Amino acid sequence: QVAAWRASGTPLTVSVNVAIHDLEDPDFAARVAAALQRHGALAQDMCLEITEGGLMADPAQAHTTLNTLHHAGHRMAIDDFGTGYSSLAYLSRLPVNELKIDRSFIIDLNPHNRSIVLSTISLGHALELDVVAEGVETEAQLRELAALGCDVVQGYWVARPMPCDAFNRWRADWRASTWPTSGTLG
């Protein structure tokens, strides 16, 4: 599908969750490259999402795999950030492009969670990463995240899961006016 979107002049990067056992597989990067070639897609068409737990299972192999994927041109994200046990020192050495704040912090933006979200956004930006908030379900959450400086949101407020044909229609009809007028969301 990403190859078809690129061929139609409407490229879109799709995020794909990567399992722990894939990070531990020394051949994983080669398998991803072969799949992309088989389907006529490019590395930049995929953002690979890795959980903090997946990074810590075998840190040395995960780092090697991530470096190989990064050099191939993939975007990479740390998924569910804030729920795992990765050290900040390790995080600063990973070849990732995004931090995805776990929805558990977004569902209830009480003062404690708001502080965690703001700190995560600040940390991500200090590391020159895009910050994505998962699980945005209300306009109030969207506006609060924009005010906090979050870069991107995902969740039911944006759209619910849908078949590809419906997504293509939704994407064509999407209007930027649905986003907050202040903040950095886009």
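Biologist: How many residues does helix α8 have, and what span from first C-alpha to last is expected at 1.5 Å a residue?
Modeller: This is a predicted model. In it, helix α8 covers residues 111-126, a run of 16 residues. Its first and last C-alpha atoms are 22 Å apart, close to the expected span of 22 Å.

Biologist: Which residues of α8 are buried, and how are they arranged around the axis?
Modeller: The buried residues of α8 are Asn113, Val117, Thr120, Ile121 and Gly124. Seen down the axis, the buried residues fall within an arc of 100 degrees, so they line one face of the helix. The cover over these residues includes β3, β4, α7, β5 and α9.

Biologist: Which exposed residues sit on the face of α8 turned away from its buried side?
Modeller: Exposed here requires a relative accessible area over 50%. On the face turned away from the buried side, the exposed residues are Pro111, His112 and Ala126.

Biologist: At the start of α8, which residue's side-chain oxygen reaches the backbone nitrogen of His112?
Modeller: The distance between that oxygen and the backbone nitrogen of His112 is within 2.9 Å. At the other end, α8 is followed by Glu128, with a positive phi near 60 degrees. The side-chain oxygen at the start belongs to Asn110.

Biologist: With which residue does the side chain of Ser15 make a polar contact?
Modeller: Ser15 is in strand β1 and is partly exposed, at 40% relative accessible area. Beyond its neighbours within four places in sequence, Ser15 is in contact with Cys47 and Glu49. The polar contact, at 3.3 Å, is with the side chain of Glu49.

Biologist: How many disulfides are counted?
Modeller: A disulfide requires two cysteine sulfur atoms within 2.5 Å. Cys47 is buried, at 1% relative accessible area, whereas Cys164 is partly exposed, at 29%. By the distance rule, the number of disulfides is 0.

Methods:
Residues are numbered from 1 along each chain as its sequence is written. This is a predicted model: local features need pLDDT of at least 70, side-chain atom pairs count only at pLDDT 80 or more; totals for chains, interfaces and linings use all residues. Side-chain values use heavy atoms; hydrogens and water are left out. Buried means under 20% relative accessible area, exposed over 50%, partly exposed in between (1.4 Å probe, protein chains only). Helices (H or I, at least four residues) and strands (E, at least two) are DSSP runs, numbered from the N terminus. Contact means heavy atoms within 4.5 Å. A polar contact is a pair of N or O atoms within 3.5 Å; within protein, one must be able to donate a hydrogen and the other to accept it, and residues adjacent in sequence count only if both atoms are side-chain atoms. The expected span of a helix is 1.5 Å times one less than its number of residues. The arc is that of the directions from the helix axis to the C-beta atoms.
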